[in-house]
Amino acid sequence: MQRSVLDRILKQANDLKVLVVGDFFLDFYVLIDPEKDEVSLETGKTAFQAVDHYSSPGAAGTVVNNLTALGVGTIGALGVIGSDGFGFELRRHLEEQGVNMEHLIQCPTRLTPTYMKPLRGTREASEEQNRIDFKNWTPLPRELEDQVIEALRAEAPKYHALIVADQVDQEGLGLVTERVRSALCQLGQDHPDLIILVDSRRNIGEYRHVAIKPNEFEAGRVLGLKTAAERPEESVRALSARTQRPVFLTVGDQGQWVCAEGEVRQIPAFPVTGPIDIVGAGDSTSAGIVLGLAAGASVWDAALLGNLVASITITKLGTTGTASPAELVARYEQWAELRAQE
């Protein structure tokens, strides 16, 4: 990717419209000061003392965070959350980012999925403790499925691109049920020029007529391999033959293997030094890929942009980070200088 391509993508971002579909979580951080530990008189167990808390949108919300930071002008949210305190907090964050929440459905019988993350130490130097998850353990009601599918069919063609965050492992309990997945595949078939990128933890092999972004283990499960990194070129070819769309296979610090229209290339990662936190790296990669594609970049340059974004977000510790255009340019220039010296 030439620097001029990066500049053009970043300049176009404000004119683009991206719809984020999927499981919107709240990431809720609780900061525990170990020096203030107390012993409970009732149980004799340690009572951890929270001295601060903060939150941010997670899962599909992490994708939104990254699109906002990258300067995308119009972002829509399509999902289902609860009418609870976590839902209020999640909507507040999305509202602050100017997200269109017309189709972020609130339902009093559903929980707002939440990852509660206790951090022991300080924001600058903390150790994450056992996470506490709030998730729905009953299937998404059919009437909510109908609302999601109707909104998907009506709204998706109004956007330049869709990013699907299929986050929940258990089939039928998250937003992307079998019926919603079928509607997404049909949307891709009916609108072949609409950019649809899917990131799915457990069901990546079930998608057709949409671009997919599995990691090496998700792809490996589909293909009967321990990891698709064992046979990356063969793996992306097989997956692209299934979905009839580009495949972006992420392989950690080895970057991505990409297959589009029968051609396969390895897209390098950007070197990163120092401590890292890979939470949310996949979501930031998705945001970068789709920004590139929506701005008219090639699949190869879009993949490289995804790697560029992730190389910055993984350096943000104690939170699910984002990358600004200024950070992208600075990291790109460092990388270009290193390549010139080789």
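Predicted model: local features only at pLDDT ≥ 70, side-chain atom pairs only at ≥ 80, totals over all residues.
Residues are numbered from 1 along each chain as its sequence is written, and side-chain values use heavy atoms, without hydrogens and water.

Points were joined across faces, edges and corners, and a volume is the space filled by probe spheres set on the points. There are 2 cavities of 30 Å³ or more. The largest cavity has a volume of about 110 Å³. Its lining comprises 13 residues, with D23, P113, N136, L173 and G174 nearest the centre. This lining divides into 7 nonpolar, 3 polar and 3 charged residues, where Ala, Val, Leu, Ile, Met, Phe, Trp, Tyr, Cys and Pro count as nonpolar, Asp, Glu, Lys and Arg as charged, and the others, Gly among them, as polar. The second largest cavity holds about 50 Å³. It is lined by 13 residues, and D166, V168, Q170, G174 and V176 are the closest to its centre.

Pockets were defined as open sets with protein on both sides within 12 Å along at least five of seven lines. The largest pocket contains about 1,200 Å³ of space. Its lining has 43 residues, of which I278, V279, G280, A281 and G282 are nearest the centre. Elements supplying at least two residues each include β5 (50-59), β8 (114-121), α8 (281-294) and α9 (299-313); helices (H or I, at least four residues) and strands (E, at least two) are DSSP runs numbered from the N terminus. By class, the lining has 15 nonpolar, 13 polar and 15 charged residues. The second largest pocket has a volume of about 300 Å³. Among its 16 lining residues, P192, I195, R245, P246 and V299 are the closest to the centre. Two or more residues each come from β12 (195-200) and α9. The lining consists of 11 nonpolar, 2 polar and 3 charged residues.

The axes of helices α1 (residues 3-12) and α10 (residues 325-341) come within 11 Å and cross at roughly 175 degrees. Axes are lines fitted to C-alpha atoms, for helices over the stretch in contact, and angles run from 0 to 180 degrees between N-to-C directions. The two helices are therefore roughly antiparallel (over 145 degrees). Contact, meaning heavy atoms within 4.5 Å, involves R3, L6 and L10 of α1 with P325, L328, V329, Y332 and E333 of α10.

G255, in the loop between β14 (247-250) and β15 (256-260), is buried at 2%. Beyond its neighbours within four places in sequence, G255 contacts L249, T250, I267, P268, A269 and N307. H209, between β12 and β13 (211-212), is partly exposed at 25% and has a positive phi near 65 degrees. E261, between β15 and β16 (263-267), is exposed at 86%; its phi is also positive, near 50 degrees.

Notes: 1 Å grid on protein atoms, 1.4 Å probe; cavity = no way out; pocket = protein on both sides within 12 Å on 5 of 7 lines; lining within 4 Å. Parallel < 35°, antiparallel > 145°, perpendicular 65-115°, else oblique. Buried < 20%, exposed > 50% of the residue type's maximum accessible area, 1.4 Å probe, protein only.
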